[in-house]
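I set out to look up a pocket lining and the sheet beside it in my notes, and I keep the entries brief.

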Amino acid sequence: IPVENFDLVIFGGTGDLSRRKILPALYCRRRAGQLPADARIIAAAHSDKDQDSFRDLVRTSLQTFLDESVKDDALVEAFLDQCIYVRLDALGDDGWSDLREQLREDAVRAFYFSVGPSLFGPLSERLVTHQISTADSRIVVEKPFGHDLESARALNNDLAQCFKESQIYRIDHYLGKETVQNLMALRFANVLFEPLWNSHYVDHVQITAAEEIGVEGRGAYYDQSGAMRDMVQNHLMQLLCLTAMEPPAGVAPDDIRNEKLKVINALTDVPTSDIVRGQYRSKGDKGSYLEDCGNPDSRTESFIALKTHVETWRWAGTPFYLRTGKRLRNRMSEIAVTFKEPPHNIFADRAPNLSGNTLVIRLQPDEGIKLHVLIKEPGPGGIRLTEVPLDMTFADLSNRSSIATPDAYERLLMDVIRGDQTLFMRGDEVEAAWSWADRMITQWEQSADRPRPYDSESSGPEDALMLMHRDNRRWREIE
Ligand code: BG6
């Protein structure tokens with residue numbers, strides 16, 4: 001179903017995120033028939049470019065970042081006709097009237113701030129003073145949304161001077177991933193899991209986002225952030241919230257965001273003994289974290305594992321283990337909910353330990369949901385138990401319905417145009433998440449603690465394994 005006609009302005013429209021993610025996602029939506037043919041995509045940036053050289057840039061980006069299977073030369077040319085470049089000074093007044101002239105009265109206006117957070121305030125002000133934004137315009141902002149609680153508050157204030165909360169779309173691209181949305185469907189469209197979804201039946205939850213890549217040329221940014229700020233405060237936190245939240249009353253954005261906020265506010269502070277931070281070593285021709293970030297003295301972590309609790313009636317006593325890192329063995333992100341063992345084992349003579357069932361909600365690489373159950377091994381030899389997965393791999397389902405799994409940005413961008421904030425973070429959510437993360441960061445910043453080195457292509461530092469072993473549990477393989 002096509003969305004309403006729109007003019008989307010991308011500030012920083014020639015930058016990396018725009019080229020890699022935003023423009024390809026818009027092209028894919030055009031291909032899917034969702035983009036009105038006269039919707040305008042307006043890149044606003046400070047360099048002096050004419051329309052032709054901008055279109056060349058878009059063409060090259062699509063060539064580089066689109067999957068072969070979706071490339072179509074004629075469609076690319078049609079898409080380019082929708083793309084406009086406006087030269088503009090974010091901190092001055094040049095170019096703003098040109099931008100205003102490009103916008104139509106009868107189209108939804110959306111402004112994507114694909115720029116550093118220091119420009120959020122100046123851009124907002126100019127959108128208002130040049131009478132470019134309307135009361136219904138959408139403002140899209142990218143992470144990092146602040147560096148800590150104080151800076152996130154300042155950004156929220158800057159935006160609030162100019163726009164209502166209902167106009168602000170804070171992107172966390174993990175929320176646009178198909179499996180993450182499916183987690184809600186699984187929990188709340190079925191009766192099977194919810195009665196067991198509590199500390200009486202759930203032994204623990206593990207949330208992992210493992211990456212094979214290192215900091216890849218983003219060393220300067222990353223060294224100021226580290227895994228806690230880059231991944232845990234936002235992406236892993238959102239996964240935790242959707243896993244742990246109470247059933248919302250409906251799917252209105254605030255129904256869900258209110259429930260997520262309650263989870264963040266119920267998170268316990270994590271003592272130093274329950275946090276392991278690491279830095280990857282070099283391997284072959286690949287540099288170490290210290291080399292990649294260009295700071296031989298860095299105390300920033302490229303890996304973190306921690307144990308926290310959600311202190312509510314539902315979850316008291318069930319630990320949530322979070323882990324993320326770069327240069328690990330594989331790229332793998334998942335939420336694994338491990339249930340307790342049955343209260344009485346009638347198979348004790350053959351199987352003294354019945355492992356609990358595990359529900360694995362996999363974000364990547366192979367998106368899908370698996371429920372590991374014990375069954376009898378086929379054959380005449382009496383009862384022997386074996387674990388098998390009940391497997392819902394989304395690729396199989398998409399093949400069946402001929403719908404390819406869309407990239408997170410495709411979904412999120414269309415939600416912006418539709419005016420649906422469900423998959424975007426509210427200001428108070430972001431602040432609560434920073435408040436929790438800040439308390440940990442302050443602990444290690446004030447100590448002499450250094451991250452533990454770990455081998456590239458491993459599962460992270462040995463101590464991270466200990467975090468589980470000492471609770472008689474183990475991490476799932478990164479595979
Ligand atoms: C980004 C982080 O938000 O998410 C990156 O800044 C990280 O450091 C990326 O690599 C991971 O996203 P995905 O979708 O590849 O898991």
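I began with the lining of the second largest pocket, whose residues divide into seven nonpolar, 12 polar and 16 charged (Ala, Val, Leu, Ile, Met, Phe, Trp, Tyr, Cys and Pro count as nonpolar, Asp, Glu, Lys and Arg as charged, and the others, Gly among them, as polar). I note that this is a predicted model, in which local features need pLDDT of at least 70 and side-chain atom pairs count only at pLDDT 80 or more, while totals for chains, interfaces and linings use all residues. Residues are numbered from 1 along each chain as its sequence is written, and side-chain values use heavy atoms, with hydrogens and water left out.

S14 gives the largest share of the lining, five residues (strands are DSSP runs of E, at least two residues, numbered from the N terminus).

I then traced the open sheet of nine strands, which runs S14-S13-S12-S11-S7-S10-S9-S8-S15 with mixed pairing (two strands pair if DSSP finds at least two bridges between them). S14 and S15 stand at the edges with a single partner strand each, so one side of each is left without a neighbour in the sheet. I also noted that S7 and S11 pair in the antiparallel sense over eight bridges, and that His-204 has Thr-338 in S11 as its bridge partner.

How values were computed: Helix = DSSP H or I, 4+ residues; strand = E, 2+ residues; numbered from the N terminus.
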